[in-house]
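Dear colleague,

Please find below the structure that I am handing over to you. My notes on what was found in it follow.

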Amino acid sequence: MRKIYDLMIVGPATRDLNIDYTGAEDRSTGGAVTFCTPAALAAGAKVFASVKISPEDGDIIEGFHMAPEDIALLPSEKTTLMKNVYFTPDRERRDASCPAQSGPIRPEEIPDVDCKLYHLAGLLYGDFPNELMEFLHGKGLVSADAQGFLRHNEAGKLCFHDWAEKEKYLPYMDFLKTDAAEAEILTGLTDRTEAARRLYDWGAKEILISHNTEMLAYDGKEMFTCPVKARNLSGRTGRGDTTFGSYLAMRMTGAGMKEALRYATACVSLKMETPGVFRGTRADVEAYLREFYS
């Protein structure tokens, strides 16, 4: 009997160079798929990871610490390279550039496994061609990070542009994640609650909007927010991806929207206190919930 996964997380991993406001350099593995996956696993979901990288960077796959049957390397001529220069201690202001971008993920590359939901954990416009969204929409539920449709690599410079085909493809999205700035680019609205309503009106079925102060979730009927309570921001990188990975895991394993948002916000608050991907357990998050969210 074939294993049924709660979600497949699909996207490019990256080689990252991060330079903080003091000039200190840190080299690491990044990418939405890299941060989403451990957060989803910690929440208890059955996760399959499909990672777009050059085969020469196969050590990235080893860093996921997953069983070989639960992860696939989708070969690319290049691995995406990202450079982030942070100007403030909280890492809210940064200059990001992209010296190299991996190739697009094609429908025929998606591994033949049974999944309830396919999450497009993108970084840059071009990661996911339209035919991939159409293909996955026919296979199961689909979720996406708006970043993968708004952020363009223009000769190494990262620029944000509105998604020209948003009104066609937002109805494909059973779950959609944006941050506050991306929500404004998509809708023209600075009010996050109004932006969530607009994205729902355009067809996205459940929206999560991340912000440095709180997380917001909306499904057309109910809207919930939950405050971020991280005691420091040394692990700021990967905030949105950790939130959404844990949120999707909770939703796909039976949690309601309010419970999932509360868990995901606690998870990312705890993650932000330590650099790198989330390495805690569900028990760690539940302990954090009891201490800071009771």
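Cys-36 is buried, its relative accessible area being 0%. Please keep in mind throughout that this is a predicted model. How many disulfides does the structure hold? The number is zero. For Cys-36, the closest cysteine sulfur is that of Cys-267, and the 11 Å between the two is too far for a bond, because a disulfide requires sulfur atoms within 2.5 Å. Cys-226 is likewise in no disulfide, with the sulfur of Cys-267 as its nearest at 12 Å. Cys-226 counts as buried too, at 7% relative accessibility.

**Helix α1 and Pro-38**

Cys-36 belongs to the buried part of helix α1, which is mostly covered, with ten of its eleven residues buried. The buried residues are Ala-32, Val-33, Thr-34, Phe-35, Cys-36, Thr-37, Pro-38, Ala-39, Ala-40 and Ala-42. Just after this helix comes Gly-44, whose phi is positive, at about 105°.

Pro-38 deserves a separate word. This residue sits in α1, which spans residues 32-42, and it has a relative accessible area of 13%, so it is buried. Which residues does Pro-38 contact, once its neighbours within four places in sequence are left aside? They are Val-277 and Phe-278. The C-alpha atom of Pro-38 also lies 7.0 Å from that of Arg-279, although 241 residues along the chain separate the two.

Helix α10 covers residues 282-292, and its buried residues are Val-285, Tyr-288 and Leu-289. Viewed down the helix axis, these buried residues fall within an arc of 105°, so they line one face of α10.

What covers the buried residues of α10? The cover includes α9, residues 257-271. In general, two packed helices are described by the angle between their axes and the distance between the axes. The axes of α9 and α10 come within 9 Å and cross at roughly 100°. The two helices are therefore roughly perpendicular to each other, because angles of 65 to 115 degrees are placed in that class.

From α9, the residues in this contact are Glu-259, Arg-262, Tyr-263, Ala-266, Cys-267, Ser-269 and Leu-270. They meet Arg-282, Asp-284, Val-285, Tyr-288 and Leu-289 of α10. Sorted by class, the contact has seven nonpolar, one polar and four charged residues. Cys-267, named above as the nearest cysteine to Cys-226, is thus one of the α9 residues that meet α10.

Most residues other than glycine have a negative phi.

- His-65 has a positive phi, near 55°. His-65 is placed in the loop between α2 (59-62) and β5 (71-75). Is this residue buried or exposed? With a relative accessibility of 63%, His-65 counts as exposed.
- Ala-155 also has a positive phi, near 55°. The loop that holds Ala-155 runs between β10 (151-154) and β11 (157-160). Ala-155 is exposed, its relative accessible area being 88%.

Asp-90 is in the loop between β6 (80-86) and β7 (94-100). At a relative accessible area of 29%, Asp-90 is partly exposed, because that class lies between the limits of 20% and 50%. Neighbours within four places in sequence aside, Asp-90 is in contact with Leu-233 and Arg-236.

Gln-147 is found in helix α4, residues 147-150. This residue counts as buried, at 12% relative accessibility. Not counting residues up to four places away in sequence, Gln-147 touches Gly-122, Leu-123 and Glu-182. Between the C-alpha atoms of Gln-147 and Asp-191 there are 19 Å, with 44 residues of sequence separating them.

Yours sincerely

Technical notes: Residues numbered from 1 in each chain as written. Predicted model: local features only at pLDDT ≥ 70, side-chain atom pairs only at ≥ 80, totals over all residues. Heavy atoms only, no water. Buried < 20%, exposed > 50% of the residue type's maximum accessible area, 1.4 Å probe, protein only. Helix = DSSP H or I, 4+ residues; strand = E, 2+ residues; numbered from the N terminus. Arc of directions from axis to C-beta. Contact = heavy atoms within 4.5 Å. Axes fitted to C-alpha atoms, helices over the stretch in contact; angles between N-to-C directions. Parallel < 35°, antiparallel > 145°, perpendicular 65-115°, else oblique. Nonpolar A, V, L, I, M, F, W, Y, C, P; charged D, E, K, R; others polar.
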